[in-house]
Amino acid sequence: MSEPLIFTQSRSGRSAAGQYPHEAAARVPEKLRRKKPAALPEVSELQAVRHFTRLSQLNFSIDTHFYPLGSCTMKYNPRACNQFAMLPEFLGRHPLAPDAVSQGFLECMFELQEMLKEVTGMKGVSLTPMAGAQGEFAGVAMIRAYHRARGDLERNEIIVPDAAHGTNPATATMCGCVVIEIPSLSNGDIDVDALKQSLGPKTAGIMLTNPSTLGVFERRIQEVAKLVHEAGGLLYYDGANLNAILGKVRPGDMGFDVIHMNLHKTFSTPHGGGGPGSGAVGVGQRLLPFMPIPVVARQENGYRWLDERDVPQTIGRLSAFMGNAGVLLRAYIYMLMLGRPGMQRVAEYAALNANYLLARLRAAGFDAAYPQRRASHEFIITVKRQAKELGVNAMDFAKRLLDFGFHAPTTYFPLLVPECLLIEPTETEAKQDLDGFVEAMIAIQREAEQEPQKLKGAPHTLPVRRLDDVRAAKQLDLAYVEAV
Amino acid sequence: MPFIPHTEDDVREMLAAIGAPNIDALFEEIPAALRTRELTGIPDALTEMEVGRLMRSRARKDGTPINFIGAGAYEHHIPAAVWAIVTRGEFYSAYTPYQAEASQGTLQLLYEYQTMMTRLTGMQVSNASLYDGASALAEAALMSVRAHRRSKSARILVPASVNPTYLSVARAITEGQNVKFDVLPYASSSGTFDPGSLSAFEGQDITAVVIQHPNFFGLFEDVDAITDWAHANGSLVIAVVNPLSLAILKPPGEWGSKGVDIVVGEGQPLGVPLSSGGPYFGFMTARMEHVRQMPGRIIGRTVDLDGKPGFTLTLQAREQHIRRSKATSNICTNQGLLVTAATIYMSLLGSKGLERVAAASQTQTDKLIAALTRIDGVKLAFTGPRFHEAVLRLNKPVKPVLAALAERGIVGGYDLSNHYPELGHALLVCATEMRTDGEIEEYANALREVTSDG
Amino acid sequence: MSSIPTNLKYLESHEWARAEADGTVTVGISDHAQNALGDLVFVEVPEVGRTLAKGTAAAVVESVKAASDVYSPVSGEVIAANEALSGSPELVNTDPYGEGWLFKLKPSNTAELAQLLDAAAYGKIVESDG
């Protein structure tokens, strides 16, 4: 199964003319005029529809496959969220339209801010960051602004555990900070002694994910918070794993000063083949004056956006308008449908599914990376033993799972666990689907023992087999060129 | 339980397999003092029917006024096929194509997108998108600092005719890395940037010069002269463009004698609805020599084990998940679904269709200007050649005028008085191919009424 | 087992340095390092004329799954860079101690060479790396 490039289906003079507006002539001074039209496809409407529909069929997705991609929270994206966020009034609203014709939309945004404050235990929420990484940026920039506003100019060190997502150190660098990495203990907790040694007068803050990317809850979080605060630093909560604790424990109560939430994970907005995301940030009292703008406020005569004049110490604007509004609407609708009890069920059933899957895989002979720990909403299996004894690695298991109709878990992350599979089933999967995944893993283990070549050559049933990444990086082919 | 499939039997069997007495026991590692009590601030659950009723009532409050604002987001017709395909679950609910073999649909589409964007902008490489046009300018500024090995200043020249919000965003995002933006005034008579004013910077270490064309006022800049000056001065050139305008305008790859170095912009005009400001997508294209300094995902074509062509994420060593604190950017998720819309949109319209949309928008804007400037007290601020936006000067403050127009169901434009107080009571208006002659007349009648009251 | 020539000096971070007869120092990465990185797809070498302090990041070696900085084992001025690597980064994989060299320095402090690890000491580090 494969689909030719749309450019090869193009024929000069063909068009989807029903999409054209009425004829008009452009007026452009000669020296600024385009001389040669861009070589975009010339296809009929049906050709385009068929081409892109066929391309869609080459994808795995939540709607078609179990997608236990650790750290990404691939849960069901309710269709209602999409339908109601795409009502014509919302789609047609210009972002700079006057507040008088925006009250319905602003009310949704205000209530979303309030609900996110409640579930995170923070004092203020700004919805503008357009993805998790931008939320992280906003968080660290606020920490920097806070220290600067106090005249504490030396604080430029951000402490990051070695298990952290790559975005954490990358963000700290973007904010002009120096990254101090601290190790994790063999039980998955952070090394508090190493933390103590890293803290000092240059500490700006620490970035933590809790539960961590190792799939376990950081048990000494209160002690960590106390140490960092005593050293004059602030605590940043990376909300990547918020699904694990939603309704069970709030980052604000753990002592965090700032948090970003991946609405496309915890609040089930679509991942869209790699975006859009949304990285709303929540802050505690100390960082309220620095929030990115705009933020919605409720005032006597209705809702309005707060801007530079209302929040003079803001870190500024991060997008041309107010962030990914359509994503925010979807998250809002999702939260309304869950309601109070539903919100607390998220973490419960995410944890139930993860711990059940872990228990069954261990019973089937797989090695857990942290066997003495409870799983959070995700957990790590290591196939280091299989790699040594049978010569099959985590990548081989991942690729063979695709043949069994399961999207692969996250592989080779976190970097500290060799040959790892980071597995996150989410709360929306039924028991029989989890059982099916276990059966597949057992079958693959049997193959690894009896016919390892089957794993090495996998996948066998997909549109393509394993791709040559080395060639892709050495002989760069990043845009199509027609053969002459 | 909404979206949770477990039966009571399931829960019992699963807990037995885990060896836990109840679900609560799964959270035993969380210190008891931290455990959340009830979330009193969250309302009771609504059913799908109820939430639909609520959202429709909120939407009705905002209604569907006739829109005459552009200022970076433009209302164009979107073929029905675009979002019918975009919202297919296989695109909508997939993720970043880490498992290439199970993501060939998304990957091939992104490769086709990259190809279309390089052709539209006249450049050699494109990434798979950034968040939006404003943050794309910030990323381009950072990229120019990395790409320009000899320049030590991280100093970037920006004419004031660049979208002022883009400049604010670029400043906010690059502040930690000490990028300095020098804002240069536009010529007050023309509303465009005078390349002659660059001579004051001759011989100085300038990392890059930014050119927005058409500029924020909708006017055409002297792109050739600015590009050539920058290159002669050893600076890189960053173009900020509306992708739709490139159907009729010379692409940045052909500006001046050797073309620009980096092109960025807002992709929204290509099949993405206004939707209150997002999600949109930022695009970025560049010369091949700068590809390793590009931020964001890039897709490459390669072959599989059997020699069959296929697509994969490539040059990943630039990115945060590998390079961590030394990555080109912290960007991870981008705007894949919106790029899907743009790729389908460009395929349906083709270059001929895009040209018709651009030309029709320009024509309707001319009609709008003609209709509005017939009103006493409404004048065209700048008369030079333009694309599909124009600055009008009113004889009274803009804000109350816009409020009065909104009451009449018209969103009349963008008030420039905050960003450009020197322009007086200035209003930026736009008409795309969507605005009919009748709607333009309706606007003119309303504005006449509003500006003549007292 | 990876090869560790005894006539070279090493850094813990897997660079090697060779004192040439003409007083210059040639720098590359060890066989162990190239093996751990996998197929190299890109190598960035320092500009000729650049002055490096001992321990500064001077070059970058990149595979599809990793990218590593290469640190200068000694202080000095870059007098040559291996331009062949821009078209054939795989030379580092196939011949890490020969054709796959990265750059040559004119050392400013020859005493620094003596402070580097010898093959035996480096071999122990490689062993403990697993």
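This briefing covers confidence, domains, chain contacts, helix packing and backbone details of a predicted model. The predictor gives the complex an ipTM of 0.97 and a pTM of 0.97. Between chains A and B, 171 residues of chain A are in contact with 165 residues of chain B, two residues being in contact if their C-beta atoms, placed from the backbone, lie within 7 Å. Five residues of chain C are in contact with four residues of chain B.

Residues are numbered from 1 along each chain as its sequence is written, and chains are lettered from A and ligands numbered from 1 in the order in which they are written. In this predicted model, local features need pLDDT of at least 70 and side-chain atom pairs count only at pLDDT 80 or more, while totals for chains, interfaces and linings use all residues.

**Confidence in chain C**

- The mean pLDDT (the predictor's confidence in each residue, from 0 to 100) of chain C is 93, and 98% of its residues score at least 70.
- Within chain C, confidence is lowest in helix H4 (residues 119-129), with a mean of 89, and highest in strand E3 (residues 25-29), at 97.
- Helices (H or I, at least four residues) and strands (E, at least two) are DSSP runs, numbered from the N terminus.

**Domains**

- Chain A is assigned domain 1 (6-56), domain 2 (80-338) and domain 3 (346-470); such bounds come from an automatic or database domain assignment.
- In chain A, the C-alpha centres of domain 2 and domain 3 lie 31 Å apart.
- Their contact takes 18 residues from domain 2 of chain A and 17 residues from domain 3 of chain A.
- The side of domain 2 of chain A that touches domain 3 of chain A has eight nonpolar, eight polar and two charged residues. The classes are nonpolar (Ala, Val, Leu, Ile, Met, Phe, Trp, Tyr, Cys and Pro), charged (Asp, Glu, Lys and Arg) and polar (the others, Gly among them).
- Chain B is assigned domain 1 (8-55), domain 2 (66-77 + 351-452) and domain 3 (80-344).
- The C-alpha centres of domain 1 of chain B and domain 2 of chain B are separated by 52 Å.

- On the side of chain A that touches chain B, H11(A) supplies the largest share, 22 residues.
- By class, that side of chain A has 94 nonpolar, 42 polar and 35 charged residues.
- The side of chain C that touches chain B consists of three nonpolar, no polar and two charged residues.
- Helix H4 (residues 103-120) of chain A and helix H2 (residues 48-62) of chain B have axes that come within 6 Å and cross at roughly 135°. Axes are lines fitted to C-alpha atoms, for helices over the stretch in contact, and angles run from 0 to 180 degrees between N-to-C directions.
- H4(A) and H2(B) are therefore oblique to each other; angles under 35 degrees count as roughly parallel, over 145 as roughly antiparallel, 65 to 115 as roughly perpendicular and the rest as oblique.
- H4(A) contributes Gln103(A), Gly104(A), Phe105(A), Glu107(A) and Cys108(A) to this contact, and H2(B) contributes Arg58(B), Ala59(B), Lys61(B) and Asp62(B).
- The contact of H4(A) with H2(B) has three nonpolar, two polar and four charged residues.

**Helix packing within chains**

- In chain A, the axes of helix H11 (residues 325-363) and helix H14 (residues 431-450) come within 10 Å and cross at roughly 30°, which makes H11(A) roughly parallel to H14(A).
- Asn353(A), Tyr356(A), Leu357(A), Arg360(A) and Leu361(A) of H11(A) meet Leu434(A), Phe437(A), Val438(A) and Met441(A) of H14(A).
- Those residues divide into seven nonpolar, one polar and one charged.
- In chain B, the axes of helix H6 (residues 133-147) and helix H7 (residues 164-174) come within 8 Å and cross at roughly 50°, which makes H6(B) oblique to H7(B).
- The contact of H6(B) with H7(B) has nine nonpolar, four polar and no charged residues.

**Backbone details**

- The peptide bond from Ala458(A) to Pro459(A) is cis, with omega near 0°, and Pro459(A) is in the loop between helix H15 (453-456) and helix H16 (469-474) of chain A.
- His213(B) and Pro214(B) are joined by a cis peptide bond with omega about -10°; Pro214(B) lies in the loop between strand E5 (208-212) and helix H8 (223-232) of chain B.
- Tyr412(A), a residue other than glycine, has a positive phi near 55°.
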